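Q: I would like to learn how to read a few local features from a set of coordinates, taking them in turn. Could we begin with a side chain and its polar partners?

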Amino acid sequence: MRRELSAFDKAQPYAPWFDRPMTPAPQSIYEELDRGPLDPALALPLAERDKLLQPGYLPAERGWCLMPDGSAFVAGLTRMPGVTAEMLEWWFYWHGLHGLRYAIWDADDHYDARVSPETIRRRLDPTLSIRERGWNTTDIVLEDVGTGPTELHISFVSPEAFGYDMAAFRTGACAAISANIRHGSGPSLVCFSHVARETEGGIELRSRFWLGWNVVDGQPVRVGQGVPQEVFVGLAQGLVRHCPKEYHNLAAILPAVWAENKDRADRLEDYL
């Protein structure tokens, strides 16, 4: 399944990126994942998420596992040469505004996106910084993360609202994209955080998904306790392979997509 491009899609300056062959993640990543799930003792509990802001690496930077409490954990690490924190934050402000922007990220698995009507004014508020425009807004996307096409409501929050120790950002992390995710009309079941830090010539992105958890008012909240275990297992197994696929392709295209589009302003009246 791929997005069927409309005449409007084809007229967009970024349309040629849709047909560009995707840049694959290194095969070594999938070979590592083929070894099976992580030892749950190596997983990063949501309550200890500040460890993502510290220098160095954690015991599990890639993989998935089912946790003893029935929730699940997914970790990923993507090195993104040529990408900056400014580009990354712009991407999360920009791509949810039009489905084709979401599709050029991963033409195989991303089909459509829009910003929720309730939050579009904030997303396009010119009095806010690009970083701030993403916070407290919701992208509604249609994508396949390995469990079939699914509508996801991705509600972004600031690092502070996600409960991070803001002083800890001084030790190396330069950006954090965090959100709670709801599946269509169902309950909110997942939260994630993509934490970036500068490396020589770019950034590296350390992604964590906590299935069965949300962050509310800065605090971890267990959710989805009635969800069958096999649902979280299937979602974790899908996410752990989808994440490197989409982020390695994003690393390849983002510097050029940002340079071509960052000065093209979106108008609120076009989205009302």
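A: In this predicted model, the side chain of R3 makes a polar contact with the side chain of D112 at 3.1 Å, and the side chain of R3 also reaches the backbone oxygen of Y111 at 2.7 Å. Both distances fall inside the cut-off of 3.5 Å that a polar contact requires.

Q: Where is R3 found, and which residues does R3 touch, leaving out those up to four places away in sequence?

A: R3 is found in the segment that comes before α1 (7-10).

Q: Is R3 buried or exposed?

A: The test rests on relative accessible area, with buried meaning under 20%. R3 counts as buried because its relative accessibility is 16%.

Q: How do strands β9 and β10 run, and how many bridges join them?

A: Strand β9 (residues 213-216) and strand β10 (residues 219-222) run antiparallel and are joined by 4 bridges. Within this pairing, W213 stands opposite R222 in β10. The hairpin of β9 and β10 has 2 residues between the strands, and D217 takes a positive phi near 50° there.

Q: How many cavities of 30 Å³ or more does a search of the whole structure find?

A: The general idea is that rolling a probe the size of a water molecule over the atoms shows where empty space is left. Here, a search of the whole structure finds 3 cavities of 30 Å³ or more. The largest cavity has a volume of about 240 Å³, and 22 residues line it, of which E143, I154, I181, F192 and F209 lie nearest its centre. Two or more lining residues come from each of α4 (99-105), β4 (138-144), β5 (149-157), β6 (173-183), β7 (188-199) and α7 (229-261), and α7 gives the most, with 5 residues. By class, this lining has 14 nonpolar, 5 polar and 3 charged residues.

Q: Which residues line the second largest cavity?

A: The second largest cavity, with a volume of about 50 Å³, is lined by I29, L33, R62, A75, G76, L77, T78, V240, C243 and P244. The elements that give two or more residues to this lining are α2 (27-33), β2 (72-81) and α7, with β2 giving the most, 4 residues. By class, the lining of the second largest cavity has 7 nonpolar, 2 polar and 1 charged residues.

Conventions. Residues numbered from 1 in each chain as written. Predicted model: local features only at pLDDT ≥ 70, side-chain atom pairs only at ≥ 80, totals over all residues. Heavy atoms only, no water. Buried < 20%, exposed > 50% of the residue type's maximum accessible area, 1.4 Å probe, protein only. Polar contact = N/O pair within 3.5 Å; in protein donor to acceptor, adjacent residues only side chain to side chain. Pairing = 2+ DSSP bridges. 1 Å grid on protein atoms, 1.4 Å probe; cavity = no way out; pocket = protein on both sides within 12 Å on 5 of 7 lines; lining within 4 Å. Points joined across faces, edges and corners; volume = space filled by probe spheres on them. Nonpolar A, V, L, I, M, F, W, Y, C, P; charged D, E, K, R; others polar.
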